Number of protein chains: 4
Amino acid sequence: MYTYELDFKVRDYECDLQGIVNNSVYQNYLEHTRHEFLLDSKVSFSDLHDQGVDAVVARVDIAYKTSLRPGDSFISKLGVKKEGAKYVFHQIILRKPDMAVCIKAKIETVVVINGRLAKGYPVFDKLVGLDESNTK
Amino acid sequence: MYTYELDFKVRDYECDLQGIVNNSVYQNYLEHTRHEFLLDSKVSFSDLHDQGVDAVVARVDIAYKTSLRPGDSFISKLGVKKEGAKYVFHQIILRKPDMAVCIKAKIETVVVINGRLAKGYPVFDKLVGLDESNTK
Amino acid sequence: MYTYELDFKVRDYECDLQGIVNNSVYQNYLEHTRHEFLLDSKVSFSDLHDQGVDAVVARVDIAYKTSLRPGDSFISKLGVKKEGAKYVFHQIILRKPDMAVCIKAKIETVVVINGRLAKGYPVFDKLVGLDESNTK
Amino acid sequence: MYTYELDFKVRDYECDLQGIVNNSVYQNYLEHTRHEFLLDSKVSFSDLHDQGVDAVVARVDIAYKTSLRPGDSFISKLGVKKEGAKYVFHQIILRKPDMAVCIKAKIETVVVINGRLAKGYPVFDKLVGLDESNTK
C-alpha cells in the first residue's frame with residue numbers, strides 16, 4: 001500500500017508550548033513527503049506551478065495517535081491511487097525506533113490547470129500506474 | 001450551530017509558492033480560533049497546560065473549497081458539542097466580503113489530564129452547555 | 001521616528017517548547033507590519049511581485065529584550081528611510097499594556113526589478129518622503 | 001572557525017509567494033543547527049528547559065546574500081565562542097553544490113537559569129572549550 005518513504009527528524013521549533021510537535025506541522029511533513037515523492041520521479045511541484053499546473057489539496061483527514069517530541073526521528077510513508085479525478089494519498093507517520101503510529105492521513109488532491117479543474121494530468125497518472133491512454 | 005467567530009487577515013508569509021495560503025496554515029487559524037474561544041470564556045489553553053490539563057486534537061477532517069490569497073480578510077466561526085469523551089468542533093472559514101466558504105472542518109479533541117485520557121473536564125463541559133453534574 | 005503601527009495578539013501556535021514566542025516568529029510580525037504599512041499606502045507586496053518588482057531583505061539586526069507569551073497583545077511600530085539604494089526600516093515591538101520593549105530591529109531592504117538590483121522604486125521613494133524627481 | 005555542520009534540503013512549504021525561502025525560515029534553520037550541535041554533544045535543549053535552564057537568543061544579525069529555492073540542498077555551519085556572559089554563534093548557510101553563500105549570521109545567546117540571567121553554564125562552557133574551572 002505504501003510505495004514511498006522518507007526519513008525525518010523533529011526540529012525543536014516545530015514543537016509548541018505543550019512540548020510536542022504542533023498539529024499543523026504534520027501537514028508540513030505530509031506535504032514535503034508528497035513533493036519529495038514527486039521529485040523522486042523527476043516531477044517538480046514548483047516547476048509544474050510555473051507551467052500553470054497545480055496539484056491542490058481538496059480534503060485532508062488526519063487521525064492523530066502518538067505525539068512526536070523533541071529529538072524524535074520518524075518515517076513518513078505514502079501510497080497513492082486515482083479515484084475519479086482525484087489523486088488520493090494514504091500517508092502514515094511512524095516514530096522510530098518503536099514504529100508507533102503518530103498519524104494516519106488520507107489526502108485528496110485534484111489538478112488545476114490554468115485555473116480550471118482537470119480530470120488528471122499525464123505525469124501524475126504515470127505515478128499511480130496508469131498509462132497515458134487511460135487518462136482521457 | 002456556530003456560536004463564536006473571529007476576524008482574521010491573511011499575512012503574506014502564510015502564502016506559499018502557489019501564491020495562496022498554505023494548507024497547513026488553516027490549522028493554525030482553526031487552532032487560534034478555538035483558543036480565543038476558550039479565552040473568551042476565561043479559559044487559557046496555556047494555563048491549563050501548566051496545570052497538567054491538555055486539550056489534544058485526535059482527528060481533523062478539513063474540506064478545502066476556496067483558497068485565501070494575499071490581502072484577503074476572513075471570518076473563522078466555530079461551534080462545539082460533546083460526543084462521548086470527545087469535544088467536537090465544527091469550524092468554517094468564510095472569505096470577506098463575499099462569504100465564499102474557504103474551508104469546512106470537523107476537529108475532534110480529547111482531554112488528557114496528567115498524561116491520562118479523561119472523560120471530560122468541567123470548564124470544557126460548561127462551554128458546551130453541560131452543567132458540572134453531567135461531567136461524571 | 002515611527003510613522004506606522006499595527007496591533008497584534010500572540011497566537012499559541014507561535015510559541016515554542018519554552019512557552020514563549022519563537023525567535024523566528026518575530027520576523028513574521030516584522031514582515032507583516034511592513035507589508036501592511038505598504039498596503040496602507042495602496043502598495044501591495046504581492047501585486048508588485050507579480051509585476052516583477054520584489055522588495056528583498058538584505059540584512060536584519062534584531063535585539064531581543066522581553067519575550068512575548070501566550071495571551072499577550074502588542075504593538076508593532078515602524079519607520080523607514082532611504083540610505084543609498086537601501087530602504088532601511090526601524091521597527092520595534094512593544095508589549096501591551098506595559099509597553100515593555102520586546103524587540104528592536106533594523107531591517108535593510110533593496111529592490112530587485114526583474115531579477116536585477118535597482119537603485120530604488122518610485123512608489124517606495126514616495127513612502128519615504130522622496131518625490132519622484134529624487135529617485136534617479 | 002566553523003566546527004559543526006548539518007545538511008538540509010529546502011521544503012516547498014518554507015517558500016513564500018516570491019517562490020524563495022521566506023526570510024524568517026532561515027532562523028529556523030539556524031536554530032535547528034544549534035540544537036543539533038548541542039545534541040551532538042549529548043546536550044538537549046528541551047531537557048535543559050525542563051530543568052529550568054534556557055539558552056535564550058539576545059541578538060541576531062543576519063546578512064542575506066543568495067536566496068534558497070525549491071529543490072535546493074544546503075549546508076549549515078556553525079562555530080561558537082564565549083564573550084563575557086554570551087555564547088556567540090557564527091553561522092553560515094551555503095547552497096549546494098556551488099557553495100554560494102546564502103546567509104551569514106551572528107547569533108548572541110545568553111543562559112537563563114530559573115528565570116535569572118547567568119554568567120554561563122558548565123555544559124555550554126565545555127562546548128566552547130572552556131573547562132569547568134573557568135565558568136565561575
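The following legends describe close-up views of a predicted model.

**View 1. Contact surface between chains A and B.** In this predicted model, 18 residues of chain A are in contact with 18 residues of chain B. On the side of chain A that touches chain B, the elements giving two or more residues are helix H1 (23–40), helix H2 (45–50) and strand E2 (53–64). Among these, E2(A) gives the most, with nine residues. By residue class, that side of chain A comprises seven nonpolar, seven polar and four charged residues.

View 2. Strand E2 of chain A and strand E2 (residues 53–64) of chain B run antiparallel and are joined by five bridges. Two of the residues of chain A are shown with their partners. A:Val60 has B:Ile62 in E2(B) as its bridge partner. For A:Ala63, the bridge partner in E2(B) is B:Arg59.

**View 3. Symmetry relation of chains A and B.** Chain A is superposed on chain B by a rotation of 180° with 0.0 Å of shift along its axis, at an RMSD of 0.0 Å. This is therefore the relation of a two-fold axis. Both copies use the same surface, since 100% of the contact residues of chain A recur in chain B. Among the residues of chain A, A:Asp61 comes closest to the rotation axis, its C-alpha lying at 2.2 Å.

**View 4. Pairing of E2 with E5 within chain B.** Strand E2 of chain B, which is joined to E2(A) by five bridges, also pairs with strand E5 (residues 101–113) of chain B. The pairing of E2(B) with E5(B) is antiparallel and extends over 11 bridges. Within this view, B:Asp61 stands opposite B:Lys106 in E5(B).

**View 5. Helix H1 of chain D.** Helix H1 of chain D covers residues 23–40, 18 residues in total. From its first C-alpha to its last, H1(D) reaches 27 Å, close to the 26 Å expected at 1.5 Å a residue. Of the 18 residues of H1(D), 14 are buried, so the helix is largely enclosed by the rest of the structure. The criterion for a buried residue is 20 or more other C-beta atoms within 10 Å of its own. Just after H1(D), D:Lys42 adopts a positive phi of about 65°.

Note on methods: Residues are numbered from 1 along each chain as its sequence is written. Chains are lettered from A and ligands numbered from 1 in the order in which they are written. This is a predicted model: local features need pLDDT of at least 70, side-chain atom pairs count only at pLDDT 80 or more; totals for chains, interfaces and linings use all residues. Two residues are in contact if their C-beta atoms, placed from the backbone, lie within 7 Å. Helices (H or I, at least four residues) and strands (E, at least two) are DSSP runs, numbered from the N terminus. Ala, Val, Leu, Ile, Met, Phe, Trp, Tyr, Cys and Pro count as nonpolar, Asp, Glu, Lys and Arg as charged, and the others, Gly among them, as polar. Two strands pair if DSSP finds at least two bridges between them. Copies are superposed by least squares on the C-alpha atoms of residues with pLDDT of at least 70 in both. The expected span of a helix is 1.5 Å times one less than its number of residues. A residue is buried if 20 or more other C-beta atoms lie within 10 Å of its own, exposed if 12 or fewer, and partly exposed in between; C-beta atoms are placed from the backbone.
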